Amino acid sequence: MLRAVADHRTVTAAAAALYLTPSAVSQQLAALEQETGHRLVERGARGARLTAAGEILLTHANAVLAQLERAEAELADYGAGVAGTVTVAAFATGIGLVLAPAIAELTRTAPGIRVRVQDAEGDASVPMVLDRQVDVAVAVEYRGAPGDDDRRLTRVPLYSEPFDAVLPVGHRLAGQDHVAVADLAKDTWIGPYPGNPCHDVVVLACEYAGFEPLLEHSSDDFHAVVALAGAGAGVALVPRSALRGTGLGDVVVRPVEGVAPTRRVFAAVRQGAEGHPLIKPVLEALRAAAGPV
């Protein structure tokens, strides 16, 4: 419960993640504070935050929970009738690029493992792992994403890919081999909604080029983004793999000049679970499907 409050920043959100009532969480936190003899959580207008004592206890809680995951993995390995279900949350392009091929490989090499897939945006799947809603996340780097040093998670790099410029066929830069982001400063833009990791990539690329993009049209579906560009509604930056299977008849796609903005994709599990006999083959299959990092 303490970690859920730290993750979600309010007692109400922590309770929802744990499928409990806020009063039940508050009572348990009060009991924990009484047992430790320290105030662990401070509540205010902006939500709940851990005190210094709470942060100390959280560090140990993360270690304890990771060790419990390892214990479960070893017991499962001991029981070793390697059969069961692993739930994976992944964004749409990641499903097509690495998760579906991984499932096909597992069908051949580990037929006892059943993979259940949940579609989730690139920034939504990691919280689902931490809240134990899923076992594995296929996620995208984003501002505020847990780093490699986060003791709650084990991360496995999968792949990275550049964003390409997508322009209407009649655009003034359509004839160039490469497009500089700075040359699109005065254009109308099409892009994902705020909160989508790709939105951050697009906005940061434009900021580095010295301007704030005029994002007039928003969609998290890159097929829709390309269709809007083809209709002349604006320009866009789209991850290269998201362009596969997309109708490109009314647009031109050009590499970005210089250092292209990049989408970095990784798999994540709760720390200690990477050795579980059901989860380990899934991670290995994802890594193999992604190819060399």
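Is Arg155 buried or exposed? Let me answer that first: Arg155 is buried, with a relative accessible area of 18%, where buried means under 20% relative accessible area, exposed means over 50%, and partly exposed is in between, using a 1.4 Å probe and protein chains only.

Before I go on, please keep in mind that this is a predicted model, in which local features need pLDDT of at least 70 and side-chain atom pairs count only at pLDDT 80 or more, while totals for chains, interfaces and linings use all residues. Residues are numbered from 1 along each chain as its sequence is written, and side-chain values use heavy atoms, with hydrogens and water left out.

Let me turn to the chain as a whole. Of its 293 residues, 45% count as buried, and the C-alpha trace spans about 70 × 55 × 30 Å along its principal axes. The secondary structure comes to nine helices and eleven strands; these are DSSP runs numbered from the N terminus, with helices being H or I of at least four residues and strands being E of at least two. If we take contacts, meaning heavy atoms within 4.5 Å, between residues at least 6 apart in sequence, then 73% of them join residues at least 24 apart.

Now to the salt bridges, of which the structure holds twelve; a salt bridge here is a side-chain nitrogen of Lys or Arg within 4 Å of a carboxyl oxygen of Asp or Glu. Arg155, with which I began, meets Asp148 in one of them, at 2.9 Å from N to O, and Asp148 counts as exposed at 68% relative accessibility. In another, Arg152 is joined to Asp150, with the closest N and O atoms 2.8 Å apart; here Arg152 is buried at 15%, and Asp150 is buried at 16%.

A further salt bridge, between Arg240 and Asp164, is 2.8 Å from N to O. This pair links distant parts of the chain, 76 residues apart, since Arg240 is in the loop between strand 9 (236–239) and strand 10 (251–255), and Asp164 is in strand 6 (residues 153–168). Arg240 is partly exposed at 40%, whereas Asp164 is buried at 5%. There is also a network of salt bridges that links Glu69, Arg132, Asp135 and Arg270.

What is the nearest side chain of opposite charge to Arg3? Arg3 is buried yet has no salt bridge, and that nearest side chain is Asp7, 4.4 Å away.

Val126, in helix 6 (residues 125–130), counts as buried at 2% relative accessibility. Not counting residues up to four places away in sequence, Val126 touches several residues, among them Tyr142, Pro146, Leu153 and Phe266. Val126 and Ala16 are 110 residues apart in sequence, and their C-alpha atoms are 16 Å apart in space.

Leu20, in the loop between helix 2 (11–18) and helix 3 (22–36), is partly exposed at 37%. Asp221, in the loop between strand 8 (214–218) and helix 8 (222–230), is partly exposed as well, with a relative accessible area of 41%.

Key:
Lys and Arg count as positive and Asp and Glu as negative; His and the chain ends are not counted.
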